[in-house]
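Welcome to this tour. Open your viewer, get your selection tool ready, and follow along one stop after another.

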Amino acid sequence: MSLLTGPMKHHLDGHKDLTKHKEVLKTIDPDTVWIPLVNGNAPCKPCVQVGDEVKVGTKIAERNDHFYLPVFSPVSGTVTAIEKFMTSGLTPADHLRIQNDHKHTAVRSFEPFDYEKASWEELLDFVKNAGMLGLGGAGFPTYVKYLKPENVELFIVNAVECEPYLTADYKNIEENIELLKTGTLALFKLSKAKAGCVAIKEDKLEQIEDLKKTFAGTPIEIRTVPDMYPMGWERTLVYQLTKKRYDKLPIEAGCILNNASTAIALGNAIENGRPITHKYLTVSGEAVKNPQNVYVPVGTRAGEIIEACGGYKDGLEDVLLIAGGPMMGRTIPNDKFVIAPQNNGLTVMPNEDKDEVKCLRCGRCTETCPSGLQPVRIQMSAAIFDEEELNKLYVMDCIECGMCTYVCPSKIDVTENVRRAKNFIRTRMASRAKEAKK
Ligand code: SF4
Ligand code: SF4
(Lines give C-alpha, C1' and ligand atoms only; values in the text may rest on other atoms or scores of the structure.)
(Ligands and ions follow the chains in the order given, each with its own letter.)
Protein backbone atom coordinates (compact mmCIF):
# COMPACT_ATOMS: atom_id res chain seq x y z
CA MET A 1 0.00 0.00 0.00
CA SER A 2 1.01 3.62 -0.34
CA LEU A 3 1.94 5.59 2.72
CA LEU A 4 -1.56 7.08 2.84
CA THR A 5 -0.17 9.99 4.74
CA GLY A 6 -1.23 12.79 2.44
CA PRO A 7 -1.98 16.19 3.91
CA MET A 8 -5.81 16.11 3.62
CA LYS A 9 -5.98 19.75 4.64
CA HIS A 10 -7.37 21.81 1.81
CA HIS A 11 -10.23 24.16 2.19
CA LEU A 12 -11.98 24.63 -1.15
CA ASP A 13 -14.57 27.20 -2.07
CA GLY A 14 -17.69 25.04 -1.87
CA HIS A 15 -20.03 27.16 -4.07
CA LYS A 16 -22.81 25.48 -2.10
CA ASP A 17 -24.87 28.64 -1.66
CA LEU A 18 -25.83 28.36 -5.33
CA THR A 19 -28.28 25.58 -4.41
CA LYS A 20 -28.32 25.02 -0.65
CA HIS A 21 -31.16 27.40 0.21
CA LYS A 22 -33.33 26.81 -2.85
CA GLU A 23 -36.37 24.57 -2.96
CA VAL A 24 -35.92 21.14 -4.50
CA LEU A 25 -37.54 20.86 -7.95
CA LYS A 26 -39.83 17.82 -7.86
CA THR A 27 -41.95 18.22 -10.98
CA ILE A 28 -39.71 16.49 -13.52
CA ASP A 29 -41.76 13.57 -14.89
CA PRO A 30 -40.05 12.31 -18.06
CA ASP A 31 -42.02 10.59 -20.85
CA THR A 32 -39.38 7.89 -20.98
CA VAL A 33 -36.86 6.48 -18.52
CA TRP A 34 -33.93 4.18 -19.22
CA ILE A 35 -32.97 1.90 -16.33
CA PRO A 36 -29.34 0.72 -16.37
CA LEU A 37 -29.12 -3.09 -16.42
CA VAL A 38 -25.77 -2.98 -14.70
CA ASN A 39 -24.51 -2.65 -11.14
CA GLY A 40 -20.80 -1.85 -10.99
CA ASN A 41 -19.46 -4.11 -13.71
CA ALA A 42 -22.05 -6.83 -13.08
CA PRO A 43 -25.03 -7.19 -15.40
CA CYS A 44 -28.60 -7.18 -14.05
CA LYS A 45 -31.06 -9.57 -15.68
CA PRO A 46 -34.48 -8.15 -16.63
CA CYS A 47 -37.52 -9.77 -14.93
CA VAL A 48 -39.89 -8.12 -17.42
CA GLN A 49 -40.27 -8.29 -21.18
CA VAL A 50 -40.87 -5.73 -23.86
CA GLY A 51 -44.62 -5.00 -23.83
CA ASP A 52 -45.10 -5.65 -20.09
CA GLU A 53 -46.97 -3.11 -17.98
CA VAL A 54 -45.14 -1.96 -14.85
CA LYS A 55 -46.00 0.17 -11.85
CA VAL A 56 -43.87 2.34 -9.60
CA GLY A 57 -42.11 -0.24 -7.43
CA THR A 58 -42.47 -3.28 -9.74
CA LYS A 59 -39.34 -5.41 -9.65
CA ILE A 60 -37.95 -5.14 -13.17
CA ALA A 61 -34.45 -6.61 -12.96
CA GLU A 62 -31.98 -8.22 -10.61
CA ARG A 63 -28.28 -8.72 -10.19
CA ASN A 64 -27.78 -12.33 -9.25
CA ASP A 65 -24.12 -13.30 -9.45
CA HIS A 66 -22.20 -13.58 -6.18
CA PHE A 67 -24.23 -10.59 -4.93
CA TYR A 68 -27.95 -9.95 -5.10
CA LEU A 69 -29.61 -6.65 -6.00
CA PRO A 70 -33.21 -6.18 -7.12
CA VAL A 71 -34.05 -3.16 -9.32
CA PHE A 72 -37.48 -1.49 -9.15
CA SER A 73 -39.37 0.63 -11.66
CA PRO A 74 -39.43 4.38 -10.91
CA VAL A 75 -42.51 5.04 -13.09
CA SER A 76 -45.72 3.33 -14.18
CA GLY A 77 -46.05 2.52 -17.87
CA THR A 78 -44.90 0.04 -20.50
CA VAL A 79 -41.54 -1.59 -21.14
CA THR A 80 -40.78 -0.67 -24.75
CA ALA A 81 -37.22 -1.83 -25.42
CA ILE A 82 -33.88 -3.00 -24.16
CA GLU A 83 -31.23 -0.82 -25.71
CA LYS A 84 -27.63 0.25 -25.29
CA PHE A 85 -26.98 3.60 -23.68
CA MET A 86 -23.89 5.22 -22.24
CA THR A 87 -23.77 5.23 -18.44
CA SER A 88 -22.39 8.10 -16.38
CA GLY A 89 -19.33 5.90 -15.88
CA LEU A 90 -18.71 6.33 -19.62
CA THR A 91 -19.33 2.69 -20.48
CA PRO A 92 -22.09 1.48 -22.79
CA ALA A 93 -24.61 -0.85 -21.11
CA ASP A 94 -28.03 -2.32 -21.73
CA HIS A 95 -30.88 -0.19 -20.39
CA LEU A 96 -34.54 -1.05 -19.99
CA ARG A 97 -36.64 1.60 -21.72
CA ILE A 98 -39.98 2.33 -20.02
CA GLN A 99 -42.64 4.59 -21.49
CA ASN A 100 -44.10 6.59 -18.62
CA ASP A 101 -47.95 6.76 -18.54
CA HIS A 102 -47.72 9.62 -16.00
CA LYS A 103 -50.37 7.91 -13.84
CA HIS A 104 -47.88 7.18 -11.03
CA THR A 105 -49.69 3.94 -10.20
CA ALA A 106 -47.69 2.28 -7.48
CA VAL A 107 -47.37 -1.23 -6.17
CA ARG A 108 -46.10 -2.06 -2.70
CA SER A 109 -42.70 -3.60 -3.37
CA PHE A 110 -42.50 -5.02 0.16
CA GLU A 111 -44.20 -4.48 3.50
CA PRO A 112 -42.93 -1.88 5.99
CA PHE A 113 -40.69 -3.56 8.52
CA ASP A 114 -40.24 -3.47 12.28
CA TYR A 115 -36.45 -3.39 12.44
CA GLU A 116 -36.43 -3.09 16.23
CA LYS A 117 -38.29 -6.37 16.76
CA ALA A 118 -36.61 -8.17 13.87
CA SER A 119 -33.65 -10.47 14.42
CA TRP A 120 -30.27 -9.46 12.97
CA GLU A 121 -30.69 -12.08 10.20
CA GLU A 122 -34.18 -10.80 9.29
CA LEU A 123 -32.87 -7.23 9.11
CA LEU A 124 -29.99 -8.27 6.85
CA ASP A 125 -32.47 -10.06 4.58
CA PHE A 126 -34.67 -6.98 4.46
CA VAL A 127 -31.78 -4.69 3.45
CA LYS A 128 -30.80 -7.19 0.75
CA ASN A 129 -34.28 -7.75 -0.70
CA ALA A 130 -35.22 -4.07 -0.56
CA GLY A 131 -32.41 -3.37 -3.04
CA MET A 132 -30.47 -0.95 -0.85
CA LEU A 133 -27.25 0.24 -2.45
CA GLY A 134 -24.53 2.80 -1.74
CA LEU A 135 -25.94 6.14 -2.88
CA GLY A 136 -22.74 8.04 -2.13
CA GLY A 137 -21.17 7.12 -5.44
CA ALA A 138 -20.24 3.44 -5.22
CA GLY A 139 -23.62 1.84 -5.97
CA PHE A 140 -22.52 -1.36 -4.23
CA PRO A 141 -25.25 -3.53 -2.61
CA THR A 142 -25.44 -2.31 1.00
CA TYR A 143 -26.02 -5.65 2.74
CA VAL A 144 -22.61 -6.97 1.62
CA LYS A 145 -20.57 -4.89 4.06
CA TYR A 146 -22.73 -6.14 6.96
CA LEU A 147 -22.41 -9.87 6.22
CA LYS A 148 -19.79 -10.50 8.92
CA PRO A 149 -19.66 -7.52 11.26
CA GLU A 150 -16.93 -8.61 13.65
CA ASN A 151 -15.11 -6.30 16.06
CA VAL A 152 -16.75 -3.17 14.70
CA GLU A 153 -15.75 -0.25 16.89
CA LEU A 154 -17.50 2.56 15.05
CA PHE A 155 -20.43 2.75 12.65
CA ILE A 156 -20.37 5.99 10.65
CA VAL A 157 -23.09 7.67 8.62
CA ASN A 158 -21.23 9.93 6.23
CA ALA A 159 -23.06 13.25 5.86
CA VAL A 160 -19.88 15.21 5.07
CA GLU A 161 -20.53 15.92 1.36
CA CYS A 162 -17.19 17.67 0.85
CA GLU A 163 -17.36 17.82 -2.96
CA PRO A 164 -17.76 21.46 -4.12
CA TYR A 165 -21.16 22.48 -5.56
CA LEU A 166 -23.00 19.36 -4.32
CA THR A 167 -25.78 19.81 -1.75
CA ALA A 168 -28.02 16.83 -2.58
CA ASP A 169 -27.30 15.02 0.70
CA TYR A 170 -27.83 18.26 2.60
CA LYS A 171 -31.29 18.78 1.07
CA ASN A 172 -32.19 15.12 1.45
CA ILE A 173 -31.35 15.28 5.17
CA GLU A 174 -33.22 18.57 5.54
CA GLU A 175 -36.39 17.03 4.08
CA ASN A 176 -36.11 13.52 5.52
CA ILE A 177 -34.38 13.74 8.87
CA GLU A 178 -36.74 11.25 10.57
CA LEU A 179 -36.09 8.68 7.83
CA LEU A 180 -32.37 9.29 8.34
CA LYS A 181 -32.86 8.44 12.01
CA THR A 182 -34.71 5.19 11.23
CA GLY A 183 -32.20 4.08 8.59
CA THR A 184 -29.21 5.00 10.76
CA LEU A 185 -30.50 3.10 13.79
CA ALA A 186 -31.30 0.05 11.64
CA LEU A 187 -27.82 0.04 10.08
CA PHE A 188 -26.27 0.57 13.51
CA LYS A 189 -28.08 -2.56 14.73
CA LEU A 190 -26.85 -4.44 11.67
CA SER A 191 -23.26 -3.30 12.21
CA LYS A 192 -23.13 -4.63 15.82
CA ALA A 193 -20.79 -1.69 16.43
CA LYS A 194 -19.80 -0.49 19.89
CA ALA A 195 -20.52 3.12 18.92
CA GLY A 196 -22.23 4.98 16.11
CA CYS A 197 -22.15 8.49 14.73
CA VAL A 198 -23.33 10.80 11.98
CA ALA A 199 -20.30 12.72 10.67
CA ILE A 200 -20.97 16.19 9.28
CA LYS A 201 -18.87 19.23 8.36
CA GLU A 202 -18.56 21.79 11.13
CA ASP A 203 -19.86 24.66 8.97
CA LYS A 204 -23.37 23.15 8.58
CA LEU A 205 -24.48 24.74 11.84
CA GLU A 206 -28.27 24.53 11.47
CA GLN A 207 -28.21 20.94 10.32
CA ILE A 208 -25.90 19.95 13.17
CA GLU A 209 -28.47 21.31 15.64
CA ASP A 210 -31.33 19.50 13.87
CA LEU A 211 -29.38 16.25 13.91
CA LYS A 212 -28.55 16.61 17.60
CA LYS A 213 -32.24 17.08 18.42
CA THR A 214 -33.33 14.19 16.19
CA PHE A 215 -30.81 11.72 17.57
CA ALA A 216 -31.11 12.81 21.22
CA GLY A 217 -31.67 9.77 23.44
CA THR A 218 -30.25 7.34 20.86
CA PRO A 219 -26.78 5.76 20.85
CA ILE A 220 -25.85 7.82 17.76
CA GLU A 221 -23.51 10.75 18.35
CA ILE A 222 -23.26 13.74 16.00
CA ARG A 223 -19.57 14.32 15.24
CA THR A 224 -18.33 17.35 13.37
CA VAL A 225 -15.29 17.33 11.10
CA PRO A 226 -13.28 20.22 9.58
CA ASP A 227 -14.42 21.87 6.35
CA MET A 228 -11.56 20.39 4.32
CA TYR A 229 -11.33 18.44 1.09
CA PRO A 230 -11.51 15.43 0.73
CA MET A 231 -12.91 14.97 4.25
CA GLY A 232 -15.81 12.86 2.93
CA TRP A 233 -13.45 10.27 1.46
CA GLU A 234 -13.73 7.15 3.62
CA ARG A 235 -10.03 6.93 4.47
CA THR A 236 -9.86 10.57 5.50
CA LEU A 237 -13.01 10.35 7.55
CA VAL A 238 -12.01 7.15 9.32
CA TYR A 239 -8.63 8.70 10.15
CA GLN A 240 -10.24 11.93 11.34
CA LEU A 241 -12.60 10.07 13.66
CA THR A 242 -10.39 7.22 14.89
CA LYS A 243 -6.77 8.17 14.05
CA LYS A 244 -6.52 4.76 12.38
CA ARG A 245 -5.45 3.97 8.82
CA TYR A 246 -6.31 0.93 6.76
CA ASP A 247 -5.13 -0.79 3.62
CA LYS A 248 -8.20 -1.96 1.69
CA LEU A 249 -11.43 -1.73 3.70
CA PRO A 250 -12.58 0.44 6.63
CA ILE A 251 -13.42 -2.71 8.62
CA GLU A 252 -9.64 -3.22 9.03
CA ALA A 253 -9.78 -0.07 11.17
CA GLY A 254 -12.91 -1.34 12.95
CA CYS A 255 -15.30 0.89 10.98
CA ILE A 256 -18.33 0.47 8.72
CA LEU A 257 -19.57 3.50 6.79
CA ASN A 258 -22.65 4.34 4.79
CA ASN A 259 -23.66 7.53 3.09
CA ALA A 260 -26.49 9.60 4.65
CA SER A 261 -28.68 9.21 1.54
CA THR A 262 -28.33 5.42 1.79
CA ALA A 263 -29.51 5.54 5.40
CA ILE A 264 -32.48 7.71 4.33
CA ALA A 265 -33.35 5.25 1.55
CA LEU A 266 -33.35 2.43 4.09
CA GLY A 267 -35.52 4.51 6.43
CA ASN A 268 -38.00 4.97 3.58
CA ALA A 269 -38.00 1.23 2.85
CA ILE A 270 -38.56 0.39 6.53
CA GLU A 271 -41.23 3.00 7.24
CA ASN A 272 -43.07 3.09 3.91
CA GLY A 273 -42.22 -0.14 2.09
CA ARG A 274 -40.69 1.85 -0.78
CA PRO A 275 -37.53 0.91 -2.70
CA ILE A 276 -35.08 3.31 -4.35
CA THR A 277 -36.91 4.77 -7.35
CA HIS A 278 -35.96 8.46 -7.19
CA LYS A 279 -32.83 10.49 -6.54
CA TYR A 280 -31.93 13.83 -4.99
CA LEU A 281 -29.47 15.37 -7.41
CA THR A 282 -27.65 18.72 -7.43
CA VAL A 283 -27.62 20.53 -10.75
CA SER A 284 -25.10 23.33 -10.38
CA GLY A 285 -22.09 25.10 -11.85
CA GLU A 286 -21.42 28.39 -13.60
CA ALA A 287 -22.96 27.34 -16.92
CA VAL A 288 -26.49 26.28 -15.95
CA LYS A 289 -29.22 28.93 -15.77
CA ASN A 290 -30.98 27.93 -12.54
CA PRO A 291 -28.74 25.88 -10.29
CA GLN A 292 -30.89 23.87 -7.87
CA ASN A 293 -31.49 20.43 -6.44
CA VAL A 294 -33.94 18.15 -8.18
CA TYR A 295 -35.76 15.00 -7.11
CA VAL A 296 -36.10 12.81 -10.20
CA PRO A 297 -36.97 9.26 -11.21
CA VAL A 298 -33.91 7.08 -11.69
CA GLY A 299 -33.33 6.72 -15.44
CA THR A 300 -34.15 10.34 -16.36
CA ARG A 301 -31.89 11.73 -19.06
CA ALA A 302 -29.34 14.30 -17.92
CA GLY A 303 -30.29 16.66 -20.77
CA GLU A 304 -33.92 16.70 -19.67
CA ILE A 305 -32.92 17.59 -16.12
CA ILE A 306 -30.66 20.43 -17.27
CA GLU A 307 -33.48 21.70 -19.49
CA ALA A 308 -35.81 21.75 -16.46
CA CYS A 309 -33.20 23.86 -14.67
CA GLY A 310 -33.40 26.52 -17.40
CA GLY A 311 -30.84 24.94 -19.74
CA TYR A 312 -27.33 26.13 -20.41
CA LYS A 313 -26.57 29.81 -19.84
CA ASP A 314 -27.14 32.00 -22.90
CA GLY A 315 -24.11 32.73 -24.99
CA LEU A 316 -22.20 29.68 -23.87
CA GLU A 317 -21.38 27.63 -26.92
CA ASP A 318 -19.25 25.07 -25.21
CA VAL A 319 -19.85 23.65 -21.75
CA LEU A 320 -18.23 21.00 -19.64
CA LEU A 321 -20.76 18.52 -18.26
CA ILE A 322 -19.59 16.60 -15.23
CA ALA A 323 -21.46 13.65 -13.70
CA GLY A 324 -20.86 14.42 -10.02
CA GLY A 325 -18.88 17.34 -8.64
CA PRO A 326 -15.93 19.11 -10.28
CA MET A 327 -13.30 17.29 -8.21
CA MET A 328 -14.32 13.63 -8.29
CA GLY A 329 -16.90 13.64 -11.10
CA ARG A 330 -16.45 12.39 -14.65
CA THR A 331 -16.59 14.71 -17.63
CA ILE A 332 -19.20 13.37 -20.04
CA PRO A 333 -19.08 14.23 -23.75
CA ASN A 334 -22.85 14.81 -24.06
CA ASP A 335 -26.02 15.00 -21.97
CA LYS A 336 -27.62 11.82 -23.35
CA PHE A 337 -26.71 9.60 -20.40
CA VAL A 338 -29.25 8.77 -17.70
CA ILE A 339 -29.23 9.18 -13.95
CA ALA A 340 -28.34 6.02 -12.03
CA PRO A 341 -29.20 5.61 -8.32
CA GLN A 342 -25.64 6.41 -7.26
CA ASN A 343 -25.37 9.71 -9.18
CA ASN A 344 -25.54 12.71 -6.89
CA GLY A 345 -24.89 15.68 -9.10
CA LEU A 346 -24.55 17.29 -12.51
CA THR A 347 -22.03 20.13 -12.61
CA VAL A 348 -22.05 22.33 -15.69
CA MET A 349 -19.08 24.62 -16.28
CA PRO A 350 -18.00 26.86 -19.16
CA ASN A 351 -15.46 24.96 -21.25
CA GLU A 352 -12.68 27.51 -21.19
CA ASP A 353 -9.42 27.03 -23.02
CA LYS A 354 -7.03 25.88 -20.38
CA ASP A 355 -3.74 26.80 -22.06
CA GLU A 356 -1.98 23.80 -20.61
CA VAL A 357 1.80 24.23 -20.48
CA LYS A 358 4.69 21.90 -19.76
CA CYS A 359 5.10 20.40 -16.29
CA LEU A 360 7.26 22.68 -14.13
CA ARG A 361 8.23 19.87 -11.76
CA CYS A 362 7.07 22.10 -8.95
CA GLY A 363 5.94 19.12 -6.88
CA ARG A 364 2.66 20.72 -5.79
CA CYS A 365 0.61 17.72 -6.93
CA THR A 366 2.76 15.44 -4.76
CA GLU A 367 2.57 17.76 -1.76
CA THR A 368 -1.21 17.87 -2.08
CA CYS A 369 -2.17 14.27 -2.84
CA PRO A 370 -4.27 12.93 0.09
CA SER A 371 -3.25 9.37 -0.82
CA GLY A 372 0.44 10.20 -0.43
CA LEU A 373 1.13 9.49 -4.13
CA GLN A 374 3.46 11.20 -6.59
CA PRO A 375 1.13 12.14 -9.46
CA VAL A 376 3.90 13.84 -11.44
CA ARG A 377 5.96 10.64 -11.49
CA ILE A 378 2.86 8.57 -12.26
CA GLN A 379 2.08 10.59 -15.36
CA MET A 380 5.70 10.39 -16.53
CA SER A 381 5.71 6.59 -16.13
CA ALA A 382 2.30 6.32 -17.79
CA ALA A 383 3.60 8.23 -20.81
CA ILE A 384 6.14 5.46 -21.45
CA PHE A 385 3.79 2.61 -20.37
CA ASP A 386 6.13 1.57 -17.55
CA GLU A 387 3.87 -0.89 -15.76
CA GLU A 388 6.43 -1.93 -13.16
CA GLU A 389 7.15 1.64 -12.13
CA LEU A 390 3.43 2.49 -12.00
CA ASN A 391 2.88 -0.37 -9.58
CA LYS A 392 5.82 0.78 -7.49
CA LEU A 393 4.18 4.20 -7.37
CA TYR A 394 0.92 2.61 -6.07
CA VAL A 395 -1.09 4.14 -8.89
CA MET A 396 -4.16 2.05 -7.98
CA ASP A 397 -4.37 3.84 -4.61
CA CYS A 398 -5.46 7.03 -6.38
CA ILE A 399 -9.00 7.94 -5.30
CA GLU A 400 -9.46 10.34 -8.24
CA CYS A 401 -10.07 13.23 -5.86
CA GLY A 402 -9.00 15.84 -8.41
CA MET A 403 -6.62 17.71 -6.09
CA CYS A 404 -3.56 17.27 -8.34
CA THR A 405 -5.39 18.93 -11.24
CA TYR A 406 -6.75 21.64 -8.96
CA VAL A 407 -3.32 22.74 -7.71
CA CYS A 408 -1.32 22.31 -10.93
CA PRO A 409 0.05 25.74 -12.03
CA SER A 410 0.64 24.36 -15.55
CA LYS A 411 -3.10 23.61 -15.88
CA ILE A 412 -2.40 19.98 -16.65
CA ASP A 413 -5.29 17.58 -16.05
CA VAL A 414 -3.09 15.42 -13.85
CA THR A 415 -6.05 13.46 -12.44
CA GLU A 416 -7.11 12.40 -15.92
CA ASN A 417 -3.55 11.26 -16.66
CA VAL A 418 -3.48 9.23 -13.44
CA ARG A 419 -6.92 7.81 -14.25
CA ARG A 420 -5.62 6.70 -17.65
CA ALA A 421 -2.63 5.10 -15.95
CA LYS A 422 -5.03 3.14 -13.72
CA ASN A 423 -6.98 1.99 -16.77
CA PHE A 424 -3.72 0.91 -18.40
CA ILE A 425 -2.87 -1.24 -15.35
CA ARG A 426 -6.39 -2.70 -15.28
CA THR A 427 -6.18 -3.62 -18.96
CA ARG A 428 -2.79 -5.27 -18.47
CA MET A 429 -4.09 -7.25 -15.47
CA ALA A 430 -7.21 -8.34 -17.37
CA SER A 431 -5.25 -9.53 -20.40
CA ARG A 432 -2.85 -11.48 -18.16
CA ALA A 433 -5.82 -13.11 -16.38
CA LYS A 434 -7.29 -14.02 -19.79
CA GLU A 435 -3.98 -15.52 -20.91
CA ALA A 436 -3.75 -17.55 -17.70
CA LYS A 437 -7.20 -19.06 -18.35
CA LYS A 438 -6.23 -20.36 -21.80
S1 SF4 B 1 -6.46 12.40 -8.06
FE2 SF4 B 1 -4.36 13.13 -7.83
S3 SF4 B 1 -4.31 14.03 -5.79
FE4 SF4 B 1 -6.16 12.76 -5.86
S5 SF4 B 1 -5.52 10.75 -5.08
FE6 SF4 B 1 -5.26 10.67 -7.30
S7 SF4 B 1 -3.14 11.25 -7.65
FE8 SF4 B 1 -3.64 11.90 -5.57
S1 SF4 C 1 1.63 20.29 -10.03
FE2 SF4 C 1 1.62 20.27 -12.29
S3 SF4 C 1 3.48 21.40 -12.84
FE4 SF4 C 1 3.69 20.86 -10.67
S5 SF4 C 1 4.79 18.88 -10.69
FE6 SF4 C 1 2.62 18.40 -10.66
S7 SF4 C 1 2.08 18.14 -12.81
FE8 SF4 C 1 4.03 19.24 -12.79
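## Two domains

Start with the whole chain: the centres of domain 1 and domain 2, taken over C-alpha atoms, are 26 Å apart. Colour residues 1-21 and 108-352 as domain 1, and 364-437 as domain 2; these bounds come from an automatic or database domain assignment.

Before you zoom in, a word on conventions: residues are numbered from 1 along each chain as its sequence is written, while chains are lettered from A and ligands numbered from 1 in the order in which they are written. This is a predicted model, where local features need pLDDT of at least 70, side-chain atom pairs count only at pLDDT 80 or more, and totals for chains, interfaces and linings use all residues; side-chain values use heavy atoms, with hydrogens and water left out.

## The two ligands

Select ligand 1. Which residues are around ligand 1? They are C369, P370, S371, P375, C398, I399, E400, C401, G402, M403, C404 and T415. To count here, a residue needs a heavy atom within 4 Å of the ligand. By class, this shell around ligand 1 has 8 nonpolar, 3 polar and 1 charged residues. In this scheme Ala, Val, Leu, Ile, Met, Phe, Trp, Tyr, Cys and Pro are nonpolar, Asp, Glu, Lys and Arg are charged, and the others, Gly among them, are polar.

Now move to ligand 2, which has 13 residues around it, the closest being C359, C362, G363, C365 and C408. Helices α8 (364-368) and α9 (375-383) are the elements that each give two or more residues to that shell. The names of helices (H or I, at least four residues) and strands (E, at least two) refer to DSSP runs numbered from the N terminus. The shell around ligand 2 is made up of 8 nonpolar, 3 polar and 2 charged residues.

## Helix α9

Stay with α9 and show the side chains of P375, V376, I378, Q379, S381 and A382, its buried residues. Buried means under 20% relative accessible area, exposed means over 50%, and partly exposed lies in between, using a 1.4 Å probe and protein chains only. The cover over these buried residues of α9 includes α8, α10 (387-392), α11 (403-407) and α12 (414-437); such contact means heavy atoms within 4.5 Å. After α9 comes F385, with a positive phi near 50 degrees.

## The largest core

Next, select L180 and L211, which have the most contacts inside the largest nonpolar core, a set of 48 residues. Among the elements that each supply at least two residues of this core are α1 (120-129), α3 (177-191), α4 (205-215) and α6 (260-272). Helix α3 gives the most, with 8 residues. A nonpolar core is a set of buried Ala, Val, Leu, Ile, Met, Phe, Trp, Tyr and Cys residues joined through side-chain atoms within 4.5 Å. In soluble globular proteins, nonpolar side chains tend to be buried together.

Zoom in on L180: leaving aside neighbours within four places in sequence, L180 is in contact with V157, I173, L211, F215, A260, A263 and I264.

## An enclosed helix and strand

Helix α2 (168-175) is your next selection. Why is α2 largely enclosed by the rest of the structure? The reason is that 6 of its 8 residues are buried. Those covering the buried residues of α2 include α3, α4, β13, α6, β14 and β15.

Follow that list to β15 (292-297), where 5 of the 6 residues are buried, so this strand too is largely enclosed by the rest of the structure. Strands β14 (278-284) and β15 pair antiparallel over 6 bridges; two strands pair if DSSP finds at least two bridges between them. Look for T282, which stands opposite N293 in β15.

Now find the open sheet of 3 strands in the order β4-β6-β7, paired antiparallel. Strands β4 (45-46) and β7 (68-72) are at the edges with a single partner strand each, so one side of each has no neighbour in the sheet. Here 2 bridges join β4 to β6 (59-64), and P46 stands opposite A61 in β6.

Finish in the loops. Between β12 and α5 (234-242) you will find P230, joined to Y229 by a cis peptide bond with omega about 0 degrees. In the loop between α5 and β13 (255-259) sits K243, a residue other than glycine with a positive phi near 60 degrees. Is K243 buried or exposed? K243 is exposed, with a relative accessible area of 53%. Last, H104 lies between β9 (92-100) and α1, and has a positive phi of about 55 degrees without being a glycine.
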